[in-house]
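Okay, thanks everyone, let's get going. I'll talk about the disulfide and then the pockets.

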Amino acid sequence: MSLAQTNFCRKQGFDPQSPLCAHIMLSGTVTKVNESEMDFAKQSLFVRHPEMKTWPSSHNWFFAKLNITNIWVLDYFGGPKIVTPEEYYNVTFQ
């Protein structure tokens, strides 16, 4: 994911490939959500992409999640910073 997906970098005059236009790279394993997670997964997806509600079920779509194991944040020159999943999930906004 990148700030280039927003208006921030364009407004700041940053090239989308510049480290100043922050990027976060997540990796891990993709798994199907279980029944207890299904309602949350559907709501989360359809709020952003309501057209997907009408996609044909014959394509055998399923809901999945990313179990994050590695996180890299590139937000300045000098290479990425490594963030653990624990740090990522325990962040507090100020």
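So, a disulfide here is a pair of cysteine sulfur atoms within 2.5 Å. What we're looking at is a predicted model, where local features need pLDDT of at least 70, side-chain atom pairs count only at pLDDT 80 or more, and totals for chains, interfaces and linings use all residues. Residues are numbered from 1 along each chain as its sequence is written, and side-chain values use heavy atoms, with hydrogens and water left out.

By that rule we get one disulfide. Cys-9 is joined to Cys-21, S to S 1.9 Å. The pair ties together distant parts of the chain, 12 residues apart: Cys-9 sits in helix α1 (residues 8-12), and Cys-21 in the loop between α1 and β1 (23-32). Helices (H or I, at least four residues) and strands (E, at least two) are DSSP runs, numbered from the N terminus. The link is right-handed, with 100° about the S-S bond. Are these cysteines buried or exposed? Both Cys-9 and Cys-21 are buried, meaning under 20% relative accessible area with a 1.4 Å probe, protein chains only.

Now pockets: on a 1 Å grid over the protein atoms alone, a pocket is an open set of points where a 1.4 Å probe fits, with protein on both sides within 12 Å along at least five of seven lines, and lining residues have an atom within 4 Å of a point. The largest pocket has about 570 Å³ of space; a volume is the space filled by probe spheres set on the points. Its lining has 13 residues, with Ala-41, Ser-44, Leu-45, Ala-64 and Lys-65 nearest the centre. Helix α2 gives the most, six residues.

How values were computed
Buried means under 20% relative accessible area, exposed over 50%, partly exposed in between (1.4 Å probe, protein chains only).
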